[in-house]
Amino acid sequence: MRSLLVIVLALLLPALTLADRVPVEAERYRRALERTAHFYWGLDAPLATIAGQIHQESAWQAEARSPVGAQGLAQFMPSTAAWFAELYPDALGDNQPFSPGWALRAAVLYDRWLYQRVQATSDCDRWAFVLAGYNGGLGWVYRDQRLASASGADPLAWHNVAPHNAGRSAANFRENRHYVAAILERWEPLYERNGWGRGVCP
C-alpha cells in the first residue's frame, strides 16, 4: 500500500507547475527582502504578502522587462522609479530598477507609502487597496472608492470596491483586479506555507 502511494505521488508531483512552487530564485533574495521589510514595517512585517507581490511582478527575475517597459524584480515603470528615487534619495540613492537590492527597497517603501494613504475596514482590505494602487495607481483607488460610495457600497471594504471601475479600460481593470487576487489568494498562502512569515489575509 505504501509503495503504491509513493508511486502515485511520484506521478503527481511533476504535474505541479512551477507557478505552484516558490521559485528557486526567491531564496537568493529572501534575506534582503526580510531585512528591508523588517526595517520599514517592523518585526511583524507581512513578508508572505510582499514576497507574493514580487512573485506576481517578476517571478523573482532581476532582469525582467515587461512588454510595456516595467523593469526589474519590482517591475517599476521608468517614470515611477525616477520619481520615487527622487522622493526618497536617502533610502534609495540613484534610480536602479535592475539592482535587486534597490528594487526590493523601492517596492517595500512604495508599499509603505501607499499604505499610509489608504484606509480600510481591515488590514487585509487595506493591503488590497495598496496592491491595487501599486499596480494601477493610487488615483484609481480613490476614484473607485468614490464610485463605490456613490453606489451605496462601503468604500473601505475591498470586496465592495472591487466591482467598481471608475473609467479605466476593461483590460486594465481586469488586470488590476487579477493582480490583487493573485497575490492575496494564491501567492501569499504559498509563501506562508513555505515558512516566509505571515501574510495580511487570513
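The largest pocket has a volume of about 610 Å³. The model is predicted, so local features need pLDDT of at least 70 and side-chain atom pairs count only at pLDDT 80 or more, while totals for chains, interfaces and linings use all residues. Residues are numbered from 1 along each chain as its sequence is written, and side-chain values use heavy atoms, with hydrogens and water left out.

A pocket here is an open set of points on a 1 Å grid over the protein atoms alone, with protein on both sides within 12 Å along at least five of seven lines; a cavity is a set where a 1.4 Å probe fits but cannot get out, and lining residues have an atom within 4 Å of a point. Points are joined across faces, edges and corners, and a volume is the space filled by probe spheres set on them.

The pocket lining counts 20 residues, with Val68, Ala70, Met77, Asn135 and Glu175 nearest the centre. Helix H3 (47-58), H7 and helix H10 (170-193) each give two or more residues to this lining, and H10 has the largest share, four. Helices are DSSP runs (H or I, at least four residues), numbered from the N terminus. By class, the lining divides into nine nonpolar, eight polar and three charged residues; Ala, Val, Leu, Ile, Met, Phe, Trp, Tyr, Cys and Pro count as nonpolar, Asp, Glu, Lys and Arg as charged, and the others, Gly among them, as polar.

H7 and H8 pack at an angle of about 125 degrees, with axes 7 Å apart. H7 is therefore oblique to H8. Angles run from 0 to 180 degrees between N-to-C directions, and axes are lines fitted to C-alpha atoms, for helices over the stretch in contact; under 35 degrees is roughly parallel, over 145 roughly antiparallel, 65 to 115 roughly perpendicular, and the rest oblique. In this packing, Phe129, Ala132, Gly133 and Gly136 of H7 meet Leu138, Trp140, Val141 and Gln145 of H8, contact meaning heavy atoms within 4.5 Å.

Ala59 lies in the loop between H3 and helix H4 (78-87), and its phi is near 55 degrees, a positive value in a residue other than glycine. Gln75 is found in the loop between H3 and H4, also with phi near 55 degrees. Ala59 is partly exposed at 31% relative accessible area, whereas Gln75 is buried at 11%; buried means under 20%, exposed over 50%, and partly exposed in between (1.4 Å probe, protein chains only).
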